[in-house]
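Keep the sequence and the 3D view side by side.

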Amino acid sequence: MTLRPLRLCRSILFVAGLALVAPVKAHYLWLQQDKDGGHLYFGEYEEGLRERSPGRLDEMPGPELRVFSRDGTQVNVPAKRTANGFSFGVPAATSTVVATEAGYAVKDWSRQHIGVVKPMFYARFIGPEARNIASADSLPLDIVPTGKPGEFSVLFDRTPLPDTEVRIVAPNAWVREVKSDKEGKLVVSLPWKGQYILQAIHLEKRSGTFNGAQYEAIRHRTTTSVTVRIGAPTTVPDTWQSSVAN
């Protein structure tokens, strides 16, 4: 991996926060608040990668979005497909938005030592003024704040998931990896102002059939987007690429 001079300088100076790790080529969904509203993207933020349509974005047949108000009221929100993601209007600062994509096709990822799996994708966006714990809006695999500064819980079917690797992507695309403890909790440093993306994967050893294709396990992948309002300023990616069409 080659670092541009600016990034190399940052990596030397940044000794108390996030550490750079080798990139893992694995796409995920994440929710993001932009100036023109909320968006659901498919790609890899840390690699400056957002898939497009026509293209790999079309692998996502129909994500379902729900918005929860501060009092827990739920509203289903239509996801409008655009050239580089899905838009859904402007979420309120007090809202939590969750997305689920259950229609992704079965994949044979045996070469990646994963096996034949049914991928499931989830994403959570926590508004800057939303409540800081999950309730009725829990996802099958979830990363939720506990209410303590910088502390999160990793949950699978609402049960703490210990010893699970969580990847934290900072607003400037730097990455750190942390494992949850025996209670499924982790404490992370969020030094910069802006939006962070926390990611986790859980392989559920449960076989089945989806759209006529058999799979050996279900691969759950989730992200949680949280906004830090106070912190050091940093740059954010301003250009994005997409996968080269075959």
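**Exercise 1.** In which sense do E1 and strand E2 pair, and over how many bridges?

Solution. This is a predicted model. Start with the pairing: E1 (residues 28-34) and E2 (residues 37-44) run antiparallel, over seven bridges. Next, find the link. A hairpin of two residues connects E1 to E2.

**Exercise 2.** Find the residues that touch the most other members of the largest nonpolar core, then trace the strands behind it.

Solution. The core has 30 residues; Phe 152, Val 166, Ile 168, Leu 186, Tyr 196 and Leu 198 touch the most other members. Strands E10, E11, E12, E14, E17 and E20 each give at least two residues to this core. E10 provides the largest share, four residues. Now zoom in on Leu 198. Beyond its neighbours within four places in sequence, its contacts include Ile 143, Phe 152, Val 166 and Val 226. Finally, look for a second core. A separate one has 17 residues, among them Leu 29, Phe 42, Tyr 104 and Phe 125.

**Exercise 3.** Is Arg 124 buried or exposed, and which side chain does its own side chain contact?

Solution. Locate Arg 124 in strand E10. Its relative accessible area is 2%, so Arg 124 is buried. Its side chain makes a polar contact with that of Asp 142, at 2.6 Å.

How values were computed. Residues are numbered from 1 along each chain as its sequence is written. This is a predicted model: local features need pLDDT of at least 70, side-chain atom pairs count only at pLDDT 80 or more; totals for chains, interfaces and linings use all residues. Side-chain values use heavy atoms; hydrogens and water are left out. A nonpolar core is a set of buried Ala, Val, Leu, Ile, Met, Phe, Trp, Tyr and Cys residues joined through side-chain atoms within 4.5 Å. Buried means under 20% relative accessible area, exposed over 50%, partly exposed in between (1.4 Å probe, protein chains only). Contact means heavy atoms within 4.5 Å. A polar contact is a pair of N or O atoms within 3.5 Å; within protein, one must be able to donate a hydrogen and the other to accept it, and residues adjacent in sequence count only if both atoms are side-chain atoms. Two strands pair if DSSP finds at least two bridges between them.
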